[in-house]
Amino acid sequence: MRPDFGTDGRLPSALSMGTVDVAFHLATGGNPVPLAFTFGFEGRAPTLDSVRARVAERAHRVATLRYRIARGRGKFRRVDRIAVDRHVHEAWLPEDTDGSATSRLMLSRPMSTDDGPPWDVWLVHGPADRHTLVYRTDHTFQDGMGAAYTARALLGDHPEGAPAPQRPARPTAQGLADALGEVVAAFRAPTPKPAFDGEPTGRVDVCHADTPLARLRAIARAHGGTVTDVYLAALSHAVRAWYLKDTGSAHPPLPVSIPMSVRAPGEEYAPGNRMVTARLLLPCDEESPQRALARVVARTGRLRESRRRDAMRLLLSASPRSLGATVGTRLVRGAFVAGPVSSVNFGTALVHQGVAARRAAVFAGVASGIRCVTTLTSQHDTACLTVVHDEALATADELPDLWLAALLELERP
């Protein structure tokens, strides 16, 4: 029987870490990997006391916030008392006009490694009449969709509005064959990724770009794809333009890791990473963004039709945890992929104390030799592209503008 998270208060005293959680633990050497969900607001900021009051009211009712990582034992252990003052903080960044300084703070500020639950909430005061609320956790402990459900339950005025969880399905034979082929490939020689290879510094920078979600939907309709397809094709063309500008040559197809949620109904507030990944080649060698989009649509269509998400879920659940975790670390290491390329739909806008957020962005730090992590976060009518990159990629802050330029080209008939 699965525990009924967050509804009746009878939470188990301990839960075993899943295969993906152990993979994160192995890949990072047990060090926390910050995962932040930021919400940008306009208007007068709430007080720190009022935010703490909201967290104090909600935290004990959200199951995932009641656990900590017992790192040496491969378990999540329940915490019965939460000291809210230790989890809710305040900062002032009056020059942060685009949210990048807040994002850098969330990735650079050390996370607690004591015996408490690995999460915090920040109220960040920006320029006049702007502020940001942040829910931050350890990626070893929670994935992006889990963070979305938790942030809404913890900070929102209303719990509804989140996307539906994923219902498991039976994978096809093609999906299982593709998933097995991906696992085998992860143990072969590294894939050339000239724009993203090299030694990372361990220091990161963050940049963002916003665009109307309706714009991405219109391009998707015109080309028979999805919002995620448009995001990936524009990113592919942005990487091509970026590398071409620097070297004068085209970049080969870029291997990336596509995280996919397998968080089922009833698991919205369960601790741990309920996700799998699929490797995808972005057609950075394609000169035309329209043809790049067509190639992306074909590749993601195969992922969906073969139910690769369910195939990888089945493979990991059928493997011993230690073996599955070893495979998991190979699938997301910097020698195998350039980095994770995520798409997170938050749903309707977060409303906190009667004010709706104008923008949401989720992003994580880098680990396991990865030099770049890219996320598209959708909330209500706005999509936000976030690029987290190692400082070794000195000009990677150009990627968001190049991504927007690629969208312009995709809009042309």
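1. By the ring-pairing rule, in which ring centres must lie within 6.5 Å, the count comes to 6 aromatic pairs. One of the pairs joins Phe196 and Trp242: the ring centres are 5.6 Å apart and the planes stand at 55°, so the pair is classed as tilted. Planes under 30 degrees apart would count as stacked and those over 60 as edge-to-face. The model is a predicted one, and the values in this note should be read accordingly.

2. The placement of the Phe196 and Trp242 pair deserves mention. Phe196 belongs to the loop between helix H5 (173–185) and strand E8 (204–212), whereas Trp242 belongs to helix H7 (residues 227–247); the pair therefore ties together parts that are 46 residues apart in sequence.

3. Are Phe196 and Trp242 buried or exposed? Phe196 has a relative accessible area of 6% and is buried. Trp242 has a relative accessibility of 7% and likewise counts as buried. Both assignments follow because buried means under 20% relative accessible area.

4. Two further features involve aromatic rings. Phe37, Phe39 and Phe346 are linked into a cluster by ring pairs.

5. Turning to the strands, E1, E4 and E3 form an open sheet of 3 strands, in the order E1-E4-E3 and with antiparallel pairing. Strand E1 (14–16) and strand E3 (67–70) are the edge strands, each pairing on one side only. From one strand to the next, the twist averages 30°.

6. Within this sheet, the antiparallel pairing of E3 with strand E4 (residues 75–78) extends over 4 bridges. Which residue of E4 is the bridge partner of Ala70? That partner is Lys75.

7. The last point concerns Ser288, which is located in the loop between strand E10 (275–282) and helix H8 (289–305). Ser288 has a relative accessibility of 13% and so counts as buried, the limit for that class being under 20%. Which backbone atoms does the side chain of Ser288 reach? The side chain of Ser288 reaches the backbone nitrogen of Gln290 at 3.3 Å, and that of Arg291 at 3.2 Å. A polar contact requires a pair of N or O atoms within 3.5 Å.

Definitions and conventions:
Residues numbered from 1 in each chain as written. Predicted model: local features only at pLDDT ≥ 70, side-chain atom pairs only at ≥ 80, totals over all residues. Heavy atoms only, no water. Pairing = 2+ DSSP bridges. Helix = DSSP H or I, 4+ residues; strand = E, 2+ residues; numbered from the N terminus. Axes fitted to C-alpha atoms, helices over the stretch in contact; angles between N-to-C directions. Buried < 20%, exposed > 50% of the residue type's maximum accessible area, 1.4 Å probe, protein only. Polar contact = N/O pair within 3.5 Å; in protein donor to acceptor, adjacent residues only side chain to side chain.
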